[in-house]
Amino acid sequence: MSIEQLALMNIDTKDRGEDWAQYRRSIGQVIRTCIERYGVNNGNLLLLGVGNGNDIPVELLESIFNSITIVDLDEVALDRFLSRVSDKKKFNKAIIDLSGINNQVKSAKELINQATSIQPVIDLSKLNKKYDLVVNCCFSTQLLTSYFYGTNEFQGGNVSNELGEKLHGLSNRIHYKLFSELKKKLVSNGVVLHMTDTLEIKQNKITGEISPATIPVVNIIKGDWRNIGLLTGHLSQFFEDGLSIIGSALPPEAHDMFAVRTYFSLLWEFLHDEQEDRNYVVFAYVLQNQ
Ligand SMILES: C[S@@+](CC[C@H](N)C(=O)[O-])C[C@H]1O[C@@H](n2cnc3c(N)ncnc32)[C@H](O)[C@@H]1O
């Protein structure tokens with residue numbers, strides 16, 4: 001995956017700050033709940049896959065945490081985010097490949113050929129603190145689907161065929177490695193808030209085309225996003241039916257490594273313009289060190 005390609009994706013979304021205000025608020029609410037319910041301390045916060053940070057409730061986080069470390073592969077996007085913070089001294093920036101395959105796999109073709117054999121190498125040595133809270137800012141699905149950016153393959157990123165299943169397996173291997181490394185960086189009761197865009201609800205307003213998860217989701221929520229909580233009971237079915245986005249599954253080992261306290265469902269109103277309506281259902285898993 002070239003960094004230029006990630007940079008293009010972040011340029012695409014750099015001005016969505018206002019549109020994502022409601023999503024940012026709901027993330028803030030989830031983080032507050034984690035702090036209150038699971039006794040997270042206000043020392044060091046680690047934000048992974050921050051990009052432009054349009055989904056980060058930065059004022060709230062600055063008011064809570066003593067130090068905030070931000071991670072991404074796209075340094076220019078991180079600098080856009082940093083230009084909006086109040087107290088720059090609180091922030092540290094680290095450029096890290098969270099997939100552990102970026103140096104080894106450069107194109108969609110290579111990814112397809114090596115999906116079952118590649119061994120992710122994840123190096124978090126630039127992170128030199130113990131963290132109270134680690135937040136995944138929805139980077140997980142980008143680790144693999146970004147290789148297909150601009151192609152027709154994996155529109156919506158669904159795991160619906162043999163290749164999808166291979167990529168799903170690779171994503172599990174990456175996340176298992178990543179969680180193992182993150183666990184070493186957590187304080188003893190530290191929490192990983194693993195937020196991941198899981199279902200894509202998309203309609204092309206010109207062609208009428210819709211993404212595969214759209215109808216099942218709309219049926220369950222009865223056409224009303226206030227019922228988004230109803231989706232949690234159907235999550236495993238979405239995974240079984242191949243309707244979830246590649247990279248969105250929690251790897252099974254997470255249950256042995258952490259106490260999976262709960263999970264929340266959030267609506268990310270991603271894009272609404274004259275061509276398309278696109279929303280994501282994001283699940284936020286609370287994984288506590290034990
Ligand atoms: C969905 S975006 C997050 C949205 C973002 N918070 C924003 O408002 O721009 C996911 C982020 O993951 C980053 N990312 C993708 N692959 C990565 C990798 N292998 N290592 C580190 N970061 C990666 C992208 O650069 C992007 O900024």
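Start by selecting residues 162-185, which make up helix 7. Show the side chains of Leu-167, Leu-170, Ser-171, Ile-174, His-175, Leu-178, Phe-179 and Leu-182: these are buried. Keep in mind as you look around that this is a predicted model.

Next up, helix 2: pick residues 21-38. Helix 2 has 18 residues and reaches 26 Å, close to the 26 Å expected. Color Tyr-23, Ser-26, Ile-27, Val-30, Ile-31 and Cys-34, the buried residues of helix 2. They cover an arc of only 140° around the axis, so they sit on the same side of helix 2. Now turn to the other side of helix 2, where Gln-22, Arg-25 and Glu-36 are exposed. Back on the buried residues of helix 2, bring in what they pack against: strand 4 (131-137), strand 5 (186-204), strand 6 (258-272) and strand 7 (276-289). Just after helix 2, click on Gly-39, which takes a positive phi of about 65°.

Last stop, the ligand. Select the 24 residues around the ligand; Gly-49, Gly-51, Asn-52, Asn-54 and Phe-139 come nearest. Helix 1 (3-12) and helix 6 (142-145) each give at least two residues to this shell. Color the shell by class and you'll find nine nonpolar, eleven polar and four charged residues.

Terms used: Residues are numbered from 1 along each chain as its sequence is written. This is a predicted model: local features need pLDDT of at least 70, side-chain atom pairs count only at pLDDT 80 or more; totals for chains, interfaces and linings use all residues. A residue is near a molecule or strand if its C-beta atom, placed from the backbone, lies within 6 Å of it. Helices (H or I, at least four residues) and strands (E, at least two) are DSSP runs, numbered from the N terminus. Ala, Val, Leu, Ile, Met, Phe, Trp, Tyr, Cys and Pro count as nonpolar, Asp, Glu, Lys and Arg as charged, and the others, Gly among them, as polar. The expected span of a helix is 1.5 Å times one less than its number of residues. A residue is buried if 20 or more other C-beta atoms lie within 10 Å of its own, exposed if 12 or fewer, and partly exposed in between; C-beta atoms are placed from the backbone. The arc is that of the directions from the helix axis to the C-beta atoms. Two residues are in contact if their C-beta atoms, placed from the backbone, lie within 7 Å.
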